[in-house]
Amino acid sequence: MKRVYNFSAGPAILPEPVLQEAADEMMDYKGSGMSVMEISHRSALFQSIIDETEANLRKLMNIPDNYEVLFLQGGTSLQFAMIPMNFMRNRKADYILTGYWAKKAYREATLFGDIHVAASSEDRNFTYIPDCSNLNIASDSDYLYMCENNTIYGTKFHARPDSKGKLLINDISSCFLSEPMNVSDYDMLFGGIQKNLGPAGLVIAIIRKDLISETVLPGTPTMLRYKTHADKGSMYNTPPTYNIYIAGKVIKWIQTLGGLEKMKEMNEAKAALLYDYLDKSDMFYGLVDKGSRSVMNVTFRTDSAELDAAFVKAAAEHGIVSIKGHRAIGGMRASLYNAMPIEGVRYLVNFMEAFEKNGGQYAK
């Protein structure tokens, strides 16, 4: 069966070489006679998998030694509670609202303390990144929270916010490993891997070691303390073993292609191909300000919801799937994660051109 071009925002496309390797090892991993899904997380064999995955991630991202790398469960949504539980020691924090997930994190944090909106783009339905160069942050605020790439709306920070010396915590779920970044610019980075790194079910958190302590909000459960997981090498309980295994393979795949600089080059070329077409099209148009555009998630639409629906239907019949936009904004969304080949984006653009040329009819 021919594989489709999957533009899903997550769970998302994975590199075909990784899928093939995993298939080849499905019944027998390194002569063990078992699948990785069957191997004990307490075994030396799995320990070698998680150790190698962490080591390769540290090398790929140039993660300093004073940062802990944790493999966690519960999705990024659980992090929305863990972060205030572990770091909101004055019960005050600042949040930058740039989309659905940042707002969801903000709402969760309000359960634990006094949360201030440092900046927001909600006034224009999150179609831009607000100016964060001179934020009004309280002197006793515990941290500043941001979501770097906004999957639903298709925006991205292209400059680091000025946190005024406060801890800076960054959700990088939908831009994880898409480009080089200076880990030391942030006190915590975290993201679900189901967009650029592997199957849904694993969160990777990168946290300054000196911030991980016993000092948490009263009543914080044992499983929701970062120290619990740091002290046990991410194996306080059974971790998502297969997800870690796949993430390790994706990291190696990125390394073989040339690392994060090469990823950035490839991703920018893919995004430019689609944005260039949108900028000249008479039928389709992008939904966000040019200066705030995401390279990973491109949102666009026509002037008609009916035409949008016709396009989504026709695209699916031509092997372009999961192109429908999120219900919050409608239209279409093409997620151009690392594993999406440029051929897939070219195929999408050619289809859009034919659809437009045919006046919104099925492309021939």
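This is a predicted model: local features need pLDDT of at least 70, side-chain atom pairs count only at pLDDT 80 or more; totals for chains, interfaces and linings use all residues.

Start with the length. Helix H7 covers residues 259-280, which makes 22 residues. At 1.5 Å a residue, the helix should span 32 Å. The C-alpha atoms at its ends are 33 Å apart, which agrees.

Now look at what is hidden. Which residues of H7 are buried? They are Gly259, Leu260, Met263, Asn267, Lys270, Ala271, Leu274, Tyr275, Tyr277 and Leu278. Viewed down the axis of H7, these buried residues fall within an arc of 155°, so they line one face of the helix. Turned away from that buried side is a face that carries the exposed residues Glu261 and Lys280.

Next, the sheet. Strands E11, E12 and E14 form an open sheet, in the order E11-E12-E14, with antiparallel pairing. E11 and E14 stand at the edges with a single partner strand each, so one side of each has no neighbour in the sheet. H7 packs on this sheet and touches E11, E12 and E14. The direction of H7 makes about 20° with that of E12. E11 and E12 are joined over two bridges, in the antiparallel sense. In that pairing, Gly286 stands opposite Phe300 of E12.

Then come the charged side chains. Side chains of opposite charge can pair when their charged atoms come close. Glu265 forms a salt bridge with Lys262, and their closest N and O atoms are 3.4 Å apart. Glu265 and Lys262 are separated by about one helical turn, because they lie three residues apart in helix H7. Glu265 is partly exposed, at 48% relative accessibility. Lys262 is also partly exposed, with a relative accessible area of 31%.

Another salt bridge links Asp279 to Lys290, with the closest N and O atoms 3.9 Å apart. Asp279 lies in helix H7, while Lys290 lies in the loop between E11 and E12, so the pair ties together parts that are 11 residues apart in sequence. Asp279 is partly exposed, with a relative accessible area of 40%. Lys290 is exposed, with a relative accessible area of 59%.

Salt bridges that share partners join Glu148, Lys156, Glu179, Lys264 and Glu268.

The whole structure holds 21 salt bridges. One of them joins the side chains of Lys249 and Glu21, at 3.0 Å from N to O. Lys249 lies in helix H6 and Glu21 in helix H1, so this pair ties together parts that are 228 residues apart in sequence. Lys249 counts as buried, at 11% relative accessibility. Glu21 is partly exposed, with a relative accessible area of 39%.

Finally, return to E14, which H7 touches. The loop between strand E13 (320-321) and E14 contains Ser322. Ser322 has a positive phi of about 60°, although it is not a glycine. Most residues other than glycine have a negative phi. Ser322 is partly exposed, with a relative accessible area of 42%.

How values were computed:
Residues are numbered from 1 along each chain as its sequence is written. Side-chain values use heavy atoms; hydrogens and water are left out. Helices (H or I, at least four residues) and strands (E, at least two) are DSSP runs, numbered from the N terminus. The expected span of a helix is 1.5 Å times one less than its number of residues. Buried means under 20% relative accessible area, exposed over 50%, partly exposed in between (1.4 Å probe, protein chains only). The arc is that of the directions from the helix axis to the C-beta atoms. Two strands pair if DSSP finds at least two bridges between them. Contact means heavy atoms within 4.5 Å. Axes are lines fitted to C-alpha atoms, for helices over the stretch in contact, and angles run from 0 to 180 degrees between N-to-C directions. A salt bridge is a side-chain nitrogen of Lys or Arg within 4 Å of a carboxyl oxygen of Asp or Glu.
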